[in-house]
Amino acid sequence: MDRTDLLLLGALIAYILALLQLAMSLWWDETRLRRWLILLSIGAGLGGHTFWLVRAALRFGHLPIISTQEVFALLAWAIAVYYLILRRTHRRADVLGLFVLPIIALFVLVALVSTGFTLLPEGLEDVLRMPALPLHIGFMMLAYAGFLLAFLAALMYLLQERELKRKRFGAIYRYFPSLSACEAIGHRSLLFGFLMLTLGIGMGIILLHRSDPIFWRGDPIIVLAFVTWLFYLVVVHYRLAAGWRGRRAAMLLIVGFLATAATFVSARLFGHIL
Amino acid sequence: MTIVLVGVNHRTAPIEVRERLAFAEEELPQALRQLVDGTTITEGLILSTCNRVEVLAVTPLSERAAVERIRAFLRERHRVPPDTYEAALYRYVDRDAVRHVFRVTASLDSMVLGEPQILGQVKEAYAQAVAAGTVGKTLHRLLPRAFSVAKRVRTETAIGTEAVSVSSVAVELARKIFEDLEGRAVLLIGAGKMAELTVRHLLAAGVRQLFISNRTRERAQQLAAHFAAEALSLEALPIHLARADIVICSVGGTDYVLRREQVAAAMPVRRNRPLFLIDISVPRMIEPSVGHLENVFLYDIDDLEQIVRGHLEHRRYEAARAEVLVDQAVEEFMTSLRRLEIGPLIAAFRRRLEEIAYGELERHRRYLGPLTPEQERALRHLLEGIVNKFAHPAIARLHQAAREGTLRPEELSLLELWGDIVEARERQSSSSSE
């Protein structure tokens, strides 16, 4: 492990501490102190995390988006940023941390154990130095974060709905937010993700336009990105215009996220850069 | 010093007995002063609620005498034949009394486990006793400790978190669907005590808009006027279904007032916002298959009562966890009481050792001949040095054990036994010298 990786290790520990604090505040009592400690832990983790990303960018002279390590670290970073935003805007969003924080911690762990070895595809240096690229990547990562949280909120909605329909109540009933809170969190995250995706794709088009078409020609990732965007466009439209709510709307968010995740994974497998 | 508690509660005595033993708030100061005379009873507190009457006292008397003294007090205060309540009286001493006070305050002894009022009632009783000047250092330690135990039970177990009545369960469910009840609309079909109670709970939880419909229009208008609501006819129900978020149905009859197709037709108009239906009528007046519709949640009276039972069951489970906390707190408290008592014992121990040493010196003085003041001083230093060196490990150990709360009962009783022997010998020597 590199010495700079200590920053990432520190971030990992901070995220895990935040998770423990959150579990305690759900199990016992949500005191002001615990709430503050959770924010402090996430904030500290995010600080170390950001610093690590900046160090990596300076060291390689380009954005840290090539190696598995970098991509996972960047994704975890975007999720943490959006989770913090969501906590500020919706008071019941904290419970999502039970799922989000382990995912963040897992991604950071993957980043820690995988190598920082970077093999730069030839001819890509120019693209990597384009000012639109960091924006493109940043927007895309935040879009994934938004869709991930929308997915988790939808999952919580379905689980809570199942308890209410079955009339048999357990821990889910007790600790998960109400249907309307899950719905609101999911809706907000969907809109955020869609906005970010739109901006990200816009930046992507600028990049396509300016770079050598040889790298992009016939790339399925571009088609898939547009399909994803269209899908979410339809979902957003029906939610806003036709009032799609509840169970089916939640299932759409789940399907949408799984499709997006599949796109992302296949893109990584086939060695494309998103 | 002994802590004694004598009383009756909802389990040992019926209401006819409890009401006769109860103390009205205005007679408490006088009753407390009558109880605590400063010699037989040094500290006292009276807790009188609708479910219990308890007298808590600190006394130098023996356990039996103290209980007798409190029973006499009850006989004097209440002109009731004692045999009507004597059998219902329970008595707890020292450790058991402390445990009982902790359990009562933490609502582990309540009729509805975990109900929150009792803590306030104990606090009130404590305030009354403090005002009447009948609280000394023991109760000043015991009661605040009981409050913190109660708080710990409340925060560390889920004993008071769930609703345990049908109407409060309805509100809890509504919150799990809608989160905020403010701005939600409620439709009440029919009337009836439980339905009204549920409406009251919902209004208290922030519901602002209420529609009422009934088979007889006058009754609907009457209720509507009472709640400042809008009265509807039964025929208008399907239309208003689209406007309501929560429907409470409590109506008689032979045919369903809400059918599946009516509710299904209302859902698109509602833009699929969830609809919470509570049918507390028997026979059921909302077609049961309505509950299979998407985004519709239908609960009948059996469902609600089953939830209440489940919650009570959960409270009992949580109460078992709370008992562990209480046991632990009782041990800690008893140790801290012993720590209070150990100071005088240690002083007596050291004093007695010194007395023995100087006594031996005087006994052998005649063999020593005349002593210079320097020799006299040296001898005293010698004796004190021996006493100190002899006593130090024991005293340090006692202090440490008391500080850490690890003092074992047998150690303490050994010390007390030793104190008793000293006392007995002193009595003996004083009587033989007479």
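This briefing describes the chains, interface, cores, salt bridges and backbone features of a predicted model.

**Chain A**

- Of the 274 residues in chain A, 49% are buried, while the chain exposes about 13,100 Å², of which carbon and sulfur atoms supply 70%.
- Among the contacts in chain A between residues at least 6 apart in sequence, 80% join residues at least 24 apart.
- A nonpolar surface patch of about 350 Å² is formed by A:Ile13, A:Ile16, A:Leu17 and A:Leu20; of these, A:Ile16 is placed in helix α1 (residues 5-27) of chain A.
- A:Ile16 has a relative accessibility of 38% and therefore counts as partly exposed, a value that also passes the cut-off of over 30% that patch residues need.

**The interface between chain B and chain A**

- The size of an interface is often given as the accessible area lost when the parts come together.
- B:Lys176, B:Glu179 and B:Arg271 supply 30% of the area that chain B buries against chain A, which is more than any other three residues supply.
- In terms of contacts, 28 residues of chain B touch 27 residues of chain A.
- B:Glu179 forms a salt bridge with A:Arg92, at 3.3 Å from N to O, and it also forms one with A:Arg91, where the closest N and O atoms are 3.7 Å apart.
- The pair of B:Glu179 and A:Arg91 crosses from the loop between α7 (166-178) and β5 (185-190) of chain B to the loop between α3 (68-89) and α4 (97-113) of chain A.

**Nonpolar cores**

- The largest nonpolar core has 116 residues, and those with the most contacts inside it are B:Ile246, B:Ile248 and B:Phe276.
- Helix α6 (residues 132-166) of chain A contributes 22 residues, the largest share of this core.
- Apart from its neighbours within four places in sequence, B:Phe276 is in contact with residues including B:Ala170, B:Leu173, B:Ile177, B:Phe178, B:Ile246, B:Phe297 and B:Tyr299.
- A second, separate core of 67 residues includes B:Ile41, B:Val101, B:Val122 and B:Val330.

**Salt bridges within chain B**

- Side chains of opposite charge can pair when their charged atoms come close.
- B:Glu68 and B:Arg71 form a salt bridge with their closest N and O atoms 3.7 Å apart; these residues are three apart in helix α3 (residues 63-77) of chain B, so about one helical turn separates them.
- B:Glu68 counts as partly exposed, because its relative accessibility is 35%.
- B:Asp327 forms a salt bridge with B:Arg99, the closest N and O atoms being 3.1 Å apart.
- Because B:Asp327 lies in helix α12 (residues 301-364) and B:Arg99 in helix α4 of chain B, this pair ties together parts that are 228 residues apart in sequence.
- B:Asp327 is partly exposed at 35% relative accessible area, and B:Arg99 is partly exposed at 23%.
- Salt bridges that share partners join B:Arg11, B:Arg52, B:Glu54, B:Arg103, B:Asp109 and B:Glu323 into one network.

**Backbone features of chain B**

- Most residues other than glycine have a negative phi, and most peptide bonds are trans.
- B:Val282 and B:Pro283 are joined by a cis peptide bond, with omega about 0°, and B:Pro283 is placed in the loop between β9 (275-279) and β10 (296-300) of chain B.
- B:Asn295, placed in the loop between β9 and β10 of chain B, has a positive phi of about 65° although it is not a glycine, and it is buried, with a relative accessible area of 1%.
- B:Asp94, found in the loop between β4 (90-93) and α4 (95-105) of chain B, has a positive phi of about 45° although it is not a glycine, and it counts as partly exposed at 26% relative accessibility.

Definitions and conventions: Residues are numbered from 1 along each chain as its sequence is written. Chains are lettered from A and ligands numbered from 1 in the order in which they are written. Side-chain values use heavy atoms; hydrogens and water are left out. Patches are made of residues with over 30% relative accessible area and no salt bridge: like charges are joined within 9 Å, nonpolar side chains (Val, Leu, Ile, Met, Phe, Trp, Tyr) within 5 Å. Accessible areas come from the Shrake-Rupley method with a 1.4 Å probe; for residues, only the protein chains shown count as cover. A salt bridge is a side-chain nitrogen of Lys or Arg within 4 Å of a carboxyl oxygen of Asp or Glu. Helices (H or I, at least four residues) and strands (E, at least two) are DSSP runs, numbered from the N terminus. Buried means under 20% relative accessible area, exposed over 50%, partly exposed in between (1.4 Å probe, protein chains only). A nonpolar core is a set of buried Ala, Val, Leu, Ile, Met, Phe, Trp, Tyr and Cys residues joined through side-chain atoms within 4.5 Å. Contact means heavy atoms within 4.5 Å. Buried area is the accessible area (1.4 Å probe) that two parts lose on being put together, summed over both.
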